[in-house]
Amino acid sequence: MRETQDPTLLAAALFHDVGKGIDYPNHDKAGAQAFYGVLNNDICWLIEHHLDLLNNPTKTRRQLKGTSQLANLEKLRRWDLAGRKVGVEVMSVQTALNILHPHSHKILDHSLCN
């Protein structure tokens, strides 16, 4: 929250590991699949690719050089690592959802409503 108010990044940070409950080893792909049609494609893309800088950093940086996608993946990766520290105080899921709620028009996939 100190680094961004971008609802796309905040939603990706909140939901990026949901796929662990579906298919732990492939949680990036499983999580993205679960959210396509619910969350907007930018968030789903970040969820699907949030491990790219871990698994293939050189290739990812080369392919996405100079893009906002790379900048967003780098932030998400940094936050993911920081979130692993033991004893770090985090907000509740409800608080996080309350923060995202006013931005639902930006983060939800509205194609199903058309």
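Modeller: Before we start, residues are numbered from 1 along each chain as its sequence is written, and side-chain values use heavy atoms, with hydrogens and water left out. This is a predicted model, where local features need pLDDT of at least 70, side-chain atom pairs count only at pLDDT 80 or more, and totals for chains, interfaces and linings use all residues.

Biologist: In which helix is confidence highest?

Modeller: The score is pLDDT, the predictor's confidence in each residue, from 0 to 100. The protein averages 93, and 97% of the residues score at least 70. Helices here are DSSP runs (H or I, at least four residues), numbered from the N terminus. Confidence is lowest in α7 (residues 93-100), at a mean of 93, and the highest value, 98, belongs to α5 (residues 57-64).

Biologist: How are α1 and α3 oriented to each other?

Modeller: Axes are lines fitted to C-alpha atoms, for helices over the stretch in contact, and angles run from 0 to 180 degrees between N-to-C directions. For α1 and α3 (residues 41-49), the axes come within 9 Å and cross at roughly 40°. Angles under 35 degrees count as roughly parallel, over 145 as roughly antiparallel, 65 to 115 as roughly perpendicular and the rest as oblique. The two helices are therefore oblique.

Biologist: Which residues of α3 make the contact with α1?

Modeller: Contact means heavy atoms within 4.5 Å. On the α1 side, the contact uses Thr8, Leu9, Ala11, Ala12 and Phe15; facing them from α3 are Asp42, Ile43, Leu46 and Ile47.

Biologist: And what is the handedness of the crossing of α1 and α6?

Modeller: α1 (residues 7-15) and α6 (residues 68-82) have axes that come within 10 Å and cross at roughly 40°. A crossing is left-handed if the near helix is turned anticlockwise from the far one by less than a right angle, and right-handed if clockwise. For α1 and α6, the answer is right-handed.

Biologist: How many residues are nonpolar in the contact of α5 with α6?

Modeller: These helices pack at about 145°, with axes 8 Å apart. The contact takes in Thr60, Arg61 and Leu64 of α5, plus Gln69, Leu70, Leu73 and Glu74 of α6. Ala, Val, Leu, Ile, Met, Phe, Trp, Tyr, Cys and Pro count as nonpolar, Asp, Glu, Lys and Arg as charged, and the others, Gly among them, as polar. That gives 2 polar, 2 charged and, as asked, 3 nonpolar.

Biologist: What is the angle between the planes of Phe15 and Phe35?

Modeller: Rings of Phe, Tyr and Trp (its six-membered ring) pair if their centres lie within 6.5 Å; planes under 30 degrees apart count as stacked, over 60 as edge-to-face and the rest as tilted. The count comes to 1 aromatic pair. Phe15 and Phe35 form that tilted pair, 5.1 Å centre to centre, with the planes at 50°.

Biologist: Last one: what is Asp52 in contact with, leaving aside its neighbours within four places in sequence?

Modeller: Asp52 lies in α4 (residues 52-55). Its C-alpha is separated by 9.8 Å from that of Glu74, 22 residues apart along the chain. With those neighbours left aside, the contacts of Asp52 are Pro57 and Thr60.
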